[in-house]
Amino acid sequence: MTDSCLLCGAQDALGPVYRIGEYEIVRCAQCALTQLGARPEAEDVRALYEQGYFHGDEGGVGYANYASQEEEYLRTFREDIKAIQRWVSGGTVLDVGCGFGFFLQAALEAGFEAYGGDLSPDAGAQAPGRF
């Protein structure tokens, strides 16, 4: 487990919440952020999102064909935005791991200012051209 919180930096404040397979989910006692306990190495994360993650080239990891499901994702994300709007009517959205930008599109349509980023080269090539 990591010793400090990703959000507030509190030392030794992370306690176990539950486990999903080999991954432990922890919560910070100071700020309540729930996060992955032991973070993977940056190189391992980058390797996961290399070319192919969004179109099934990674041997079962990722999506079979992410782009082909655009309408389903947009429909889902529009519903998510409606749920968010019960609490806030607008503002700025940051989508970390935005994929091709489908959630960003739904946020923009609803009047939010939207930004996103993704490690995947595929996503990096797709999302900017959409907006």
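**Entry 1: D95.** I began with D95, which has its place in strand 4, residues 92-96. A reminder to myself: this is a predicted model. Is D95 buried or exposed? I found a relative accessibility of 15%, and since buried means under 20%, D95 counts as buried. Next I listed its contacts, leaving aside neighbours within four places in sequence: D95 is in contact with F103, L104, Y115, G116 and G117.

**Entry 2: L36.** Then I moved to another strand residue. L36 is found in strand 3, which covers residues 34-36. Its relative accessible area is 27%, so I noted L36 as partly exposed. Which residues does L36 touch, not counting those up to four places away in sequence? I wrote down Y23, E24, I25 and V26. I also checked a distance: G21 is 15 residues from L36 along the chain, and their C-alpha atoms are separated by 12 Å.

**Entry 3: helix 2 and helix 3.** Two packed helices are described by the angle between their axes and the distance between the axes. I looked up both values for helix 2 (residues 70-84) and helix 3 (residues 102-109): the axes come within 8 Å and cross at roughly 50°. That angle makes helix 2 oblique to helix 3. As for handedness, helix 2 passes helix 3 in a right-handed crossing.

Who makes this contact? From helix 2, I have E70, Y73, L74, F77, R78, D80, I81 and I84. Helix 3 brings F102, F103, Q105, A106, A107 and E109. Sorting the residues of this contact by type, I got 9 nonpolar, 1 polar and 4 charged.

Entry 4: In soluble globular proteins, nonpolar side chains tend to be buried together.

I took a closer look at A107. Leaving aside its neighbours within four places in sequence, A107 is in contact with I81, V93, F112 and A114.

Conventions
Residues numbered from 1 in each chain as written. Predicted model: local features only at pLDDT ≥ 70, side-chain atom pairs only at ≥ 80, totals over all residues. Heavy atoms only, no water. Axes fitted to C-alpha atoms, helices over the stretch in contact; angles between N-to-C directions. Helix = DSSP H or I, 4+ residues; strand = E, 2+ residues; numbered from the N terminus. Parallel < 35°, antiparallel > 145°, perpendicular 65-115°, else oblique. Left-handed = near helix turned anticlockwise from the far one by under 90°. Contact = heavy atoms within 4.5 Å. Nonpolar A, V, L, I, M, F, W, Y, C, P; charged D, E, K, R; others polar. Buried < 20%, exposed > 50% of the residue type's maximum accessible area, 1.4 Å probe, protein only.
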